[in-house]
Amino acid sequence: MPQPDGKYALSDLSLRPNTPFDLRPLERLLAEKADLALVNPSAKHPFDPLEWQEKWLNEPDDMSFYLVDASGREVGFFALRIGIGPEVRHLVYVFVEEAARGGAGKQLAAHAEAAAKQLGAISVTLKVELDNEPALALYEAAGYEELGRSNGMATMHRDLD
């Protein structure tokens, strides 16, 4: 449950692998056109589960996860894709619902890193829009280093302990 300030305590959120594969919670999370465009500007609106299953989350080694609050409600989502090799995971399709922002992002990053480690990764990469200052600040605070900028995006990297 959120605290009085609207943020979640570090222990409030847990990770649930998206197995069996279920996109209904993601469809709810990305119902708004702006949210869907933020996560994947190439995806059709309204959210199309078949498109996501066949096009965006179809790689055999992709793993996706929901960030879940204490009541069992999904408040966020991300996927980990094989990066430049199996020891690198690329964090994609990151989303935290509006009500959980301000506390859940840090937890999502930590959960994503733990999941990547369990998948055998030694590092995580990601891309973030340069005008998404809260996300940039979050990843920098979590220890991600910027590798470069191109087309309005920053590519970031973090070695896992």
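Student: Before we start, what does "buried" mean here?
Tutor: Buried means that a residue has under 20% relative accessible area. Keep in mind that we are looking at a predicted model.

Student: Okay! Are F65 and F78 buried or exposed, then?
Tutor: F65 is buried, and F78 is buried too.

Student: How many aromatic pairs are there in the whole structure?
Tutor: A search through the whole structure turns up five aromatic pairs. One of them is W52 with Y93, an edge-to-face pair with 4.9 Å from centre to centre and 65° between the planes.

Student: New topic: strands. How many residues of β2 are buried?
Tutor: Five of the six residues in β2 are buried, which leaves the strand mostly covered.

Student: Which way do β1 and β2 pair?
Tutor: Strand β1 (residues 14–17) pairs with β2 in the antiparallel sense, over four bridges. Within that pairing, R16 stands opposite Y66 of β2.

Student: What about β2 and β3, how many bridges join them?
Tutor: Six bridges join β2 and β3, and these strands run antiparallel. Y66 stands opposite F77 in β3, while S64 stands opposite A79 of β3.

Student: What sits between β2 and β3?
Tutor: β2 and β3 form a hairpin with five residues between them. In the turn, G72 has a positive phi of about 95°.

Student: Why is β3 described as largely enclosed?
Tutor: Seven of its nine residues are buried, so β3 is largely enclosed by the rest of the structure.

Student: And how is β3 joined to β4?
Tutor: A hairpin joins β3 to β4 through five residues. The strands run antiparallel, with six bridges between them. F77 has F95 as its bridge partner in β4.

Student: Where do side chains point in a regular strand, by the way?
Tutor: In a regular strand, side chains alternate between the two faces of the sheet.

Student: Switching to helices: where is E113 found?
Tutor: E113 is in helix α4 (residues 104–118).

Student: Why does E113 count as buried?
Tutor: Its relative accessibility is 12%. The cut-off for buried is under 20%, so E113 counts as buried.

Student: Which residues is E113 in contact with?
Tutor: If we leave aside its neighbours within four places in sequence, E113 is in contact with A142, Y144, R158 and L160.

Notes. Residues are numbered from 1 along each chain as its sequence is written. This is a predicted model: local features need pLDDT of at least 70, side-chain atom pairs count only at pLDDT 80 or more; totals for chains, interfaces and linings use all residues. Side-chain values use heavy atoms; hydrogens and water are left out. Rings of Phe, Tyr and Trp (its six-membered ring) pair if their centres lie within 6.5 Å; planes under 30 degrees apart count as stacked, over 60 as edge-to-face and the rest as tilted. Buried means under 20% relative accessible area, exposed over 50%, partly exposed in between (1.4 Å probe, protein chains only). Helices (H or I, at least four residues) and strands (E, at least two) are DSSP runs, numbered from the N terminus. Two strands pair if DSSP finds at least two bridges between them. Contact means heavy atoms within 4.5 Å.
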